[in-house]
Amino acid sequence: MNTQARWHRVRELFVRSLEQSDAARDVWLKKECSGDDPLLADIRRLLAQRSSPASIFRDDAEALLTKMAVHADTDARLDTDIGPYRLRKLLGVGGMGRVYLAERTDGQFSQQVALKLVRNEFSTNELHQRFLRERNTLARLAHPNIAQLHDGGMADDETPYFTLEYIEGEPITRWCDARACDVRTRVSLMLKVCDAVLHAHRNLIVHRDLKPSNILVNADGEPKLLDFGIAKPLAETAAMETLTNADARPMTREYAAPEQLLGDPVTTATDIYALGVLLYF
Amino acid sequence: MGELGDITELLNAANSGDEAAQETAYALVYDELKKCAQRQRAVVPGSSLTPTALVHELFLRLNARRATKIHNRVHFFSLAARAMRQIVVDHARRRASIKRGGGVDVTDIDNAIDIGERVAEEALDLDAALTKLGDRDPDLARVVEWHFFAGLTFKEIGEELGRHERTVYHDWELARAVLQDSMREAGR
């Protein structure tokens, strides 16, 4: 059978399979394939796809466009200054704010930082206060595998911002997959991650949003944890302001521990849970 | 707006096999849909774009604009669906180019960018898988373009193509299975 004829056969059998009852389908199909095992396997595989629809098919083009919508090209803040920093490039946009690559302009240091600008809806004085409180704690958090928090403040329009060590890297899962890392490499990376988390916990700081995109591996192969302690003030402020909107809580469902989903107090166990999920992926 | 009238004429010319007219008609339909989309977003920032609404709106405007009616509706929907697909792919490319990396990938604060980026990657994978499917079975690929990208219902597709709604649905089921299979295969 040539490819085209075979495809027509697959097509015909698949469609006719749909007409069968769930109970009778496989028996029917087996009979129709009459010993052509590769054909049977192909159609079974296609039929199996129906029970686990890919997430993209739960959307339509409309939902896709909405989810991807980002007005990066119309960012008026680029090349303007915030505090002693000049915004150079938009690195990303999230529901809670934007992140820019920024440089110090006051000549004190010539360094590049990641500058996070909290979205207006969240820029309350309360949030600012929380950041200031957290900042002192976080500044003490010095560990080779944790991206250092540098600074925080308010832009002229009272939008809170904070700056972090700029890490150029890839999310840990992608880094490993791209290099087809063996288990030994993955585990040794993970040990460093655990060590960093342990260090934070000893300083009584919980991350509460650990996930691959917060754990980047840099060019030297060193994992770096981002945003320790940043989720906390945001979570508290968001909880205060949007009590009805559970999605405003900064967490990621796939990695969220049960207590986060339930809105219960977060503890160090929350991070351990996320690390467990990370290992699984 | 002479352009809209032009589309009608071009569509009709394209219908009689004029390939250059077809390409020009496509370009105009694409621009029109993009304009519709931008307008819709300008009114309500963050509001969703409805491909169905866009495609139908464009169709109605085209059809109403002139005495010359669009003779071949199938042709129009094909162009419109292709244009919507292209718009999604354009968005996805742009979205995917705002790279994480940079030390921060925003997701840290919430997972909105994660979703956006994941969706962009999925959309590009889907586009690639759909191109592959189109080589093997243009008919199935058309059902996906019309339903998924242009937002036509199975019933509408059935009416345009002179097929039973149920047949279209079965085609969609098969197309989706094949696409998923090839997307998962590629992702492995």
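Predicted model: local features only at pLDDT ≥ 70, side-chain atom pairs only at ≥ 80, totals over all residues.
**View 1. Chain A as a whole.** Chain A contains ten helices and nine strands. Of its 281 residues, 37% are buried.

**View 2. Helix α1 of chain A.** The helix covers residues 3-19, which is 17 residues. From its first C-alpha to its last, α1(A) reaches 25 Å, close to the 24 Å expected at 1.5 Å a residue. Its buried residues are A:Arg11, A:Leu13, A:Phe14 and A:Ser17. An α-helix has 3.6 residues a turn, so residues three or four places apart point the same way.

**View 3. Strand β4 of chain A and its pairing with β6.** Strand β4(A) runs over residues 112-118 and is mostly covered, with six of its seven residues buried. Five bridges hold β4(A) and β6(A) in an antiparallel pair.

**View 4. The hairpin of β5 and β6 in chain A.** Strand β5(A), residues 149-154, and strand β6(A), residues 160-165, run antiparallel and are joined by five bridges. A:Asp151 stands opposite A:Thr163 of β6(A). Five residues lie between the two strands of the hairpin, and A:Glu158 takes a positive phi near 70°.

**View 5. The open sheet of β7, β8 and β9 in chain A.** The three strands of this open sheet follow the order β7-β8-β9, and their pairing is antiparallel. The edges are β7(A), residues 169-171, and β9(A), residues 223-225; each has a single partner strand, so one side of each is left without a neighbour in the sheet. From one strand to the next, the twist averages 35°. Strand β8(A), residues 215-218, pairs with β9(A) over three bridges in the antiparallel sense. A:Val217 has A:Pro223 in β9(A) as its bridge partner.

**View 6. Helix α7 of chain A against the sheet and against α10.** Helix α7(A) lies across β8 and β9 of chain A, and runs at about 30° to β9(A). Helix α7(A) covers residues 183-202 and packs with helix α10(A), residues 268-280, at an angle of about 170°, the axes being 11 Å apart. Because of this angle, α7(A) is roughly antiparallel to α10(A). The contact of these two helices has six nonpolar, two polar and one charged residues. From α7(A) come A:Met190, A:Val193, A:Cys194, A:Val197 and A:His201, which meet A:Thr268, A:Asp271, A:Leu275 and A:Leu279 of α10(A).

**View 7. B:Lys34 in chain B.** B:Lys34 is part of helix α2(B), residues 19-43. Is B:Lys34 buried or partly exposed? B:Lys34 has 16 C-beta neighbours inside 10 Å and therefore counts as partly exposed; a buried residue would need 20 or more. B:Ile87 is 53 residues from B:Lys34 in sequence, and the two are 7.2 Å apart in space, C-alpha to C-alpha.

Key
Residues numbered from 1 in each chain as written. Chains lettered and ligands numbered in written order. Helix = DSSP H or I, 4+ residues; strand = E, 2+ residues; numbered from the N terminus. Expected span 1.5 Å × (residues − 1). Buried ≥ 20, exposed ≤ 12 C-beta atoms within 10 Å, placed from the backbone. Axes fitted to C-alpha atoms, helices over the stretch in contact; angles between N-to-C directions. Parallel < 35°, antiparallel > 145°, perpendicular 65-115°, else oblique. Contact = placed C-beta atoms within 7 Å. Nonpolar A, V, L, I, M, F, W, Y, C, P; charged D, E, K, R; others polar. Pairing = 2+ DSSP bridges.
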